[in-house]
Amino acid sequence: MLLLAYLVKASTRKTPQPSPVFHSAIERVQGGPQTFAGTPDRLSALRGACLVRDHHRCVISHSFDILESQARMDKAGETSALDDDGDLLYQDPNRPEPLEVAHIIPHSLIKLDANSELSPAKKAALAILNMFDTGVVYLIEGSNIDRPRNALTLTRPFHTLFGEFKVFFEPVPDSPPHTYRIDTFLSRYLLRDPAFPLTRTLHLSENRTIDPPSSRLLAVHCAIAHILHLSAAGEYIDKLLREMEGHGVCATDGSTELDRLLRFGLHGWPISS
């Protein structure tokens with residue numbers, strides 16, 4: 001699990017944010033005409049689909065997308081524009097903000113190398129992921145990595161914190177489907193609005209035409225967040241990443257940071273919980 005945590009954390013550059021494509025977005029990300037995973041076209045379709053599914057709101061703060069809000073006000077008038085639920089936007093208690101699509105498991109984890117193959121380290125991480133939850137790798141194989149079930153709509157700050165595993169989602173027992181307790185490892189003094197922990201029931205698209213965020217993938221994200229926090233592995237991984245930024249990665253001599261971490265993960269730390 002430590003190797004998996006390392007590779008996922010090393011891949012947490014924020015999801016690119018091409019302009020959303022709404023025309024045929026649902027079909028394109030739900031199994032229609034295929035494009036290569038991670039291309040701007042596919043990410044644009046993913047962003048458009050997630051905005052529709054999540055009612056153009058951050059799933060944590062409930063802030064409405066500021067660009068969509070302005071577009072609706074330009075069209076209908078400032079005091080007449082409505083949100084996706086039919087409420088007046090100008091009366092919204094939440095301040096509108098720029099919204100982004102955030103991958104739960106980053107697509108760079110399954111990015112192929114120059115030889116169109118997965119690196120040995122990524123193969124090992126995916127094998128560990130599959131041991132952690134049998135069959136879960138299928139949810140992110142190939143173009144599946146860019147499906148709405150592996151994505152959330154978030155404000156820019158929450159996108160960063162979610163990608164750094166500082167914010168996580170836990171299912172709430174005996175609650176409606178897709179209801180989560182959202183909490184953070186950051187100080188409560190740093191995140192006061194909204195106050196954590198908080199409970200959110202995620203939106204479902206009309207007629208379930210767009211997949212909701214996968215509870216299995218959110219559980220994997222939550223587990224990695226806790227491993228990084230409770231084991232102090234996060235600080236160790238951050239140190240390795242800083243070293244790699246300064247010296248690069250050698251792929252052939254057996255002394256790379258990935259190899260060092262792999263040996264540590266397999267022999268010095270439990271690889272599964």
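**Close-up 1. The buried side of helix α5 in the predicted model.** In this predicted model, helix α5 (residues 120-132) buries Ala 121, Lys 122, Ala 125, Leu 126, Ile 128 and Leu 129. These residues cover an arc of only 160° around the axis, which puts them on the same side of α5. The face of α5 turned away from that buried side carries the exposed residues Pro 120 and Met 131. With 13 residues at 1.5 Å a residue, the helix should span 18 Å, and this agrees with its end C-alpha atoms, which are 18 Å apart.

**Close-up 2. Strand β4 and the strands paired with it.** Strand β4 (residues 179-184) is mostly covered, since 5 of its 6 residues are buried. Strand β3 (residues 167-171) runs antiparallel to β4 and is joined to it by 5 bridges, with Glu 170 standing opposite Arg 181 of β4.

**Close-up 3. The largest nonpolar core.** This core has 39 residues, and those with the most contacts inside it are Ile 60, Ile 105, Leu 152, Leu 154, Phe 169 and Ile 182. The elements that give it two or more residues are β1 (99-103), α5, β2 (151-155), α6, β3, β4 and α7, and α7 gives the most, with 7 residues. Apart from this core lies another one, of 5 residues, among them Leu 46, Cys 50, Val 101 and Ala 151.

**Close-up 4. The surroundings of Leu 154.** When its neighbours within four places in sequence are left aside, Leu 154 is in contact with Cys 58, Val 59 and Ile 60, with Pro 98, Leu 99, Glu 100 and Ala 102, and with His 159 and Phe 162.

Close-up 5. Glu 100 is buried, with a relative accessible area of 8%, whereas Arg 156, at 45% relative accessibility, counts as partly exposed.

**Close-up 6. Further salt bridges.** The count of salt bridges in the model comes to 9. In one of them the side chains of Asp 84 and Arg 72 meet at 2.8 Å, N to O; Asp 84 lies in the loop between α4 (66-76) and β1 and Arg 72 in helix α4, so this pair ties together parts that are 12 residues apart in sequence. Asp 84 counts as partly exposed at 30% relative accessibility, while Arg 72 is buried, with a relative accessible area of 19%, the cut-off for buried being under 20%. The side chains of Asp 54 and Arg 53 also form a salt bridge (3.0 Å, N to O), and both of these residues are buried. Arg 57, Asp 83 and Asp 92 are linked in a network of salt bridges.

**Close-up 7. Two buried residues, Gly 163 and Ile 210.** Gly 163 is found in helix α6 (residues 156-163) and is buried, with a relative accessible area of 16%. The C-alpha atoms of Gly 163 and Ile 104 are separated by 7.7 Å, although the two residues are 59 residues apart along the chain. Ile 210, in the loop between β5 and α7 (215-230), is buried with a relative accessible area of 2%. Ile 210 and Val 52 are 158 residues apart in sequence and 8.7 Å apart in space, C-alpha to C-alpha.

Methods
Residues are numbered from 1 along each chain as its sequence is written. This is a predicted model: local features need pLDDT of at least 70, side-chain atom pairs count only at pLDDT 80 or more; totals for chains, interfaces and linings use all residues. Side-chain values use heavy atoms; hydrogens and water are left out. Helices (H or I, at least four residues) and strands (E, at least two) are DSSP runs, numbered from the N terminus. Buried means under 20% relative accessible area, exposed over 50%, partly exposed in between (1.4 Å probe, protein chains only). Two strands pair if DSSP finds at least two bridges between them. The expected span of a helix is 1.5 Å times one less than its number of residues. The arc is that of the directions from the helix axis to the C-beta atoms. A nonpolar core is a set of buried Ala, Val, Leu, Ile, Met, Phe, Trp, Tyr and Cys residues joined through side-chain atoms within 4.5 Å. Contact means heavy atoms within 4.5 Å. A salt bridge is a side-chain nitrogen of Lys or Arg within 4 Å of a carboxyl oxygen of Asp or Glu.
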